[in-house]
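Please look through the sequence and the model shown below. The briefing that follows takes up a few residues, a pair of helices and the chain as a whole.

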Amino acid sequence: MVNSMNERRVISVIVLNESSVLARITALFAGRGYNIESLTVAPIPNSEMSHITIATNGSSRVMEQITKQLHKLVPVYKVVEHEEMVEKEMVLVKFPIAENLSDVAALCAAYNGGIVNVGKETVIAQVADEPLRVQHFIEAAQRYNPSEIVRGGVVAIER
């Protein structure tokens with residue numbers, strides 16, 4: 001039973017672009033004491049809608065309750081708890097220019113990424129991969145003394 005409480009869940013919500021809709025959606029999670037690990041919102045091209053992707057941990061029972069309540073919110077058009085999905089996350093990492101750039105580039109390439117900006121003092125790398133692989137990249141990148149790391153949220157789409 002302990003495992004069912006800690007299962008990672010990814011939910012997509014399609015909503016009408018409307019003020020306060022995001023606050024009402026996050027309030028459903030907060031009201032039950034559930035933390036949102038990642039929250040990504042972006043407009044759906046050629047529509048008045050947005051796609052919200054929420055990554056969290058929780059039991060199937062509580063997620064079922066939240067999903068039912070999400071369906072009841074007026075600007076919500078569709079709610080999908082993903083099972084068969086393709087999931088990606090992006091990270092930007094700033095490295096000192098003094099680090100070995102070919103090693104940094106090779107590390108990034110191993111995680112679907114590369115160097116995206118070179119300045120006088122720093123190099124910025126980007127990786128886009130599955131969330132667990134992004135975490136592994138961040139751990140491996142520590143040897144190159146990153147000065148800043150910014151993770152984006154998870155995006156997911158059904159297979």
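Glu 99 is placed in the loop between strand S5 (85-96) and H4, where helices (H or I, at least four residues) and strands (E, at least two) are DSSP runs numbered from the N terminus. This is a predicted model, in which local features need pLDDT of at least 70 and side-chain atom pairs count only at pLDDT 80 or more, while totals for chains, interfaces and linings use all residues. Residues are numbered from 1 along each chain as its sequence is written, and side-chain values use heavy atoms, with hydrogens and water left out.

**Glu 99 and its surroundings**

- Not counting residues up to four places away in sequence, Glu 99 touches Val 104, Arg 143, Tyr 144 and Asn 145, contact meaning heavy atoms within 4.5 Å.
- Although Glu 99 and Asn 145 are 46 residues apart in sequence, their C-alpha atoms are 7.9 Å apart in space.

- Most residues other than glycine have a negative phi, and most peptide bonds are trans.
- With a relative accessibility of 49%, Asn 112 counts as partly exposed.

**Ile 52 in strand S3**

- Ile 52 belongs to strand S3 (residues 49-57), and it is buried, with a relative accessible area of 1%.
- Leaving aside neighbours within four places in sequence, Ile 52 is in contact with Ile 11, Ser 12, Val 13, Val 15, Leu 22, Ile 25, Leu 39, Thr 40 and Val 41.
- Ile 52 and Ser 38 are separated by 14 residues in sequence and by 10 Å in space, taken from C-alpha to C-alpha.

**Helices H2 and H3**

- Two packed helices are described by the angle between their axes and the distance between the axes.
- The axes of helix H2 (residues 21-30) and helix H3 (residues 60-72) come within 10 Å and cross at roughly 155 degrees; axes are lines fitted to C-alpha atoms, for helices over the stretch in contact, and angles run from 0 to 180 degrees between N-to-C directions.
- That angle makes H2 roughly antiparallel to H3, since angles under 35 degrees count as roughly parallel, over 145 as roughly antiparallel, 65 to 115 as roughly perpendicular and the rest as oblique.
- On the H2 side the contact is made by Ile 25, Leu 28 and Phe 29, and on the H3 side by Met 63, Ile 66, Gln 69 and Leu 70.

**The chain as a whole**

- The protein chain has five helices and nine strands, and from the N terminus on its elements run α-β-α-β-β-α-β-β-α-β-β-α-β-β.
- Of the 159 residues in the protein chain, 38% are buried.
- Among contacts in the protein chain with a separation of 6 or more, 71% are accounted for by residues 24 or more positions apart.
- The C-alpha atoms of the protein chain fill a box of roughly 55 × 45 × 30 Å, taken along the principal axes.

Terms used: Buried < 20%, exposed > 50% of the residue type's maximum accessible area, 1.4 Å probe, protein only.
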